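Keep the structure in view as you read.

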Amino acid sequence: MPMYDETVAVIENRVLTGGHFLLSLDAPRQAPAVRPGQFAMVRILGRSDVLLRRPMSIFDVTSKDGREGGPGKVQKLGVLQLLYKVVGRGTRLMAELKPGDRVGLLAPLGHGFFEEEYLPRAHAADEILHVAGGIGIAALLLPAKHLAEAGFKQRLFFGARTKGDLVGLEEFKPLMRGSLFATENGSSGYRGFVTRPLEDYFTAHTNKKFLLMVCGPWAMLRATVELAKRFRHPCLVSMENRMGCGLGVCLGCSIRVEGTGHEAYQRVCTEGPVFWAEKIVWETEKKLGIRE
Ligand SMILES: Cc1cc2nc3c(=O)[nH]c(=O)nc-3n(C[C@H](O)[C@H](O)[C@H](O)COP(=O)(O)OP(=O)(O)OC[C@H]3O[C@@H](n4cnc5c(N)ncnc54)[C@H](O)[C@@H]3O)c2cc1C
Ligand code: FES
C-alpha cells in the first residue's frame with residue numbers, strides 16, 4: 001500500500017465549535033491513495049518540544065474546489081482533511097496553523113476498514129450503524145461515503161459531551177437514513193450516553209440485522225461492543241491508542257487480541273486501527289494506553 005512522508009501546505013484551518021478544527025492540506029500524492037478508515041501522522045515543523053507526530057484519522061479527501069469527495073476518484077483528489085479537537089500541546093500548535101504554513105504529513109497509514117472482510121457482513125445487514133463518541137466521528141465519514149456509494153442503508157448514533165462537540169454533521173447528513181444524538185449535558189438530543197438510544201433501537205428492532213462501525217473513547221467503545229455482543233450484531237471498532245512511530249516499529253500501540261504468544265498482540269497502527277470487536281481482549285485494553 002502506498003504511503004508518503006511529505007511536507008505539505010495548509011490550505012485552510014477552519015474553526016468549528018467546541019475547540020474543534022477542520023484542517024485542509026494540499027496533499028496531491030497522499031489524498032488519492034487514501035482508503036476508508038486510514039489515518040495520518042502530523043508533524044509540527046520547527047518545534048523541538050513536540051517531536052512525536054500526532055495521529056489523526058483522515059476525515060475526508062476532496063478536490064481543491066471541494067466538489068469531488070470520497071475515495072477512489074484518483075487524480076482529482078488533492079486535498080486531505082483532518083477533523084481534530086484541541087486537547088494538548090500538539091493540537092494547540094495545530095490550531096495556530098494558517099494557510100500557506102507547512103506541516104509534515106505521513107499518510108495514508110493503517111489498514112483501515114478492510115472491505116474484503118466487512119462487505120459480506122454489510123450485505124447481510126438491514127442497516128449499517130455508525131456509532132461515534134466525540135472526535136471519534138472523524139474516522140467514520142470516509143467509510144460512510146464508501147458505503148453510501150455502494151447503496152447501503154446507514155444510520156448515525158453520535159454521542160458527545162456537549163452540543164458544541166457534535167461536529168462534522170453536515171457531511172454525514174446526505175449519507176444517512178437518520179441520525180440520533182446524545183449529549184452528556186442534554187444540550188442536544190438525548191441526555192446521557194449514546195449507548196442508551198442505541199440499546200433502545202436494538203430492542204425496538206430485534207428482527208433486524210445490523211453491522212456496527214464504532215469509534216470513540218475507550219469506555220464508550222467497550223459499552224458499545226458489549227451491547228453489540230448482547231444483541232448479536234457484528235461490530236468493527238476503530239481504535240485510537242497512543243502512538244509513537246505509526247509505522248509498526250516501536251510496538252507502543254499494541255493491543256491484546258485473541259491468541260497466544262506473539263499472536264496475542266497486534267499493532268493498532270499497522271494491523272488496525274480497525275478491528276473486529278470480538279478479536280480484542282477488552283479486559284486489558286485500558287492498561288495499554290487507549291483514550292479514556
Ligand atoms: C489512529 C488515531 C486516530 C486519531 N484520530 C483523531 C482525530 O481524527 N481527531 C482528533 O482530534 N484526535 C484524533 N486522535 C487522537 C489524537 O492523536 C490526540 O488527541 C493527539 O495526539 C493529542 O496530542 P496533543 O499533543 O494535543 O496532546 P498531548 O499533550 O499529547 O495530550 C493531551 C491529552 O490528550 C490525551 N491524548 C493523547 N493522545 C491521545 C490519543 N491517542 N487518544 C486520545 N487522547 C489522547 C492525553 O492523555 C492527554 O490527556 C487519534 C488517535 C489515533 C491513535
Ligand atoms: S505506533 Fe509504533 S508500532 Fe504502532
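**Strands, domains and core**

Ala40 has Met56 in S4 as its bridge partner. Strands and helices here are DSSP runs, numbered from the N terminus: E over at least two residues for strands, H or I over at least four for helices. Two strands count as paired if DSSP finds at least two bridges between them. The model is a predicted one; local features need pLDDT of at least 70, side-chain atom pairs count only at pLDDT 80 or more, and totals for chains, interfaces and linings use all residues. Residues are numbered from 1 along each chain as its sequence is written, while chains are lettered from A and ligands numbered from 1 in the order in which they are written.

Start with strand S3, residues 39–44. S3 runs antiparallel to S4 (residues 54–57), and four bridges join them. S3 also pairs with S7 (residues 102–109), again in the antiparallel sense, over five bridges. Here Arg43 has Gly104 of S7 as its bridge partner. How buried is S3? Five of its six residues are buried, so S3 is largely enclosed by the rest of the structure. A residue is buried if 20 or more other C-beta atoms lie within 10 Å of its own, exposed if 12 or fewer, and partly exposed in between; the C-beta atoms are placed from the backbone.

Now follow S7 to strand S1, residues 4–15. S1 and S7 are antiparallel and joined by six bridges. Val15 has Phe21 of S2 as its bridge partner. Four residues lie between the strands of this hairpin, and Gly18 takes a positive phi near 60° there. Strands of a sheet pair through backbone hydrogen bonds, either parallel or antiparallel.

Step back to the domains. The chain is divided into domain 1 (4–109) and domain 2 (115–238). These bounds come from an automatic or database domain assignment. The C-alpha centres of the two domains lie 24 Å apart. Across the boundary, 16 residues of domain 1 are in contact with 16 residues of domain 2. Contact means that the C-beta atoms of two residues, placed from the backbone, lie within 7 Å. On the side of domain 1 that touches domain 2, strand S6 (residues 79–85) gives the most, with three residues. That side divides into seven nonpolar, seven polar and two charged residues. In this count, Ala, Val, Leu, Ile, Met, Phe, Trp, Tyr, Cys and Pro are nonpolar, Asp, Glu, Lys and Arg are charged, and the others, Gly among them, are polar.

Next comes an open sheet of seven strands, in the order S11-S10-S9-S8-S12-S13-S16, with mixed pairing. S11 (190–191) and S16 (274–276) stand at the edges with a single partner strand each, so one side of each is left without a neighbour in the sheet. Strand S8 (residues 127–133) runs parallel to S12, with six bridges between them. Ile128 has Leu211 of S12 as its bridge partner.

Which residues have the most contacts inside the largest nonpolar core? They are Ala40, Ile58, Leu80 and Leu212, in a core of 79 residues. S12 (residues 210–215) supplies the largest share of this core, six residues. Domain 1 and domain 2 each contribute at least three residues to this core. A nonpolar core is a set of buried Ala, Val, Leu, Ile, Met, Phe, Trp, Tyr and Cys residues joined through C-beta atoms within 7 Å. In soluble globular proteins, nonpolar side chains tend to be buried together.

Leu212 leads on to helix H6. Leaving aside neighbours within four places in sequence, the contacts of Leu212 include Thr224 and Ala228. Both Thr224 and Ala228 are among the buried residues of H6. H6 (residues 218–230) has 13 residues and reaches 18 Å from its first C-alpha to its last, close to the 18 Å expected at 1.5 Å a residue. That expected span is 1.5 Å times one less than the number of residues. Just after H6, Arg232 takes a positive phi of about 60°.

Helix H3 (residues 141–149) is mostly covered, with seven of its nine residues buried. Lys145 and His146 are among the buried ones. After H3 comes Gly151, with a positive phi near 90°. Helix H2 (residues 115–124) holds Arg121. Arg121 counts as partly exposed, because it has 17 C-beta neighbours inside 10 Å. Not counting residues up to four places away in sequence, Arg121 touches Leu211 and Pro234.
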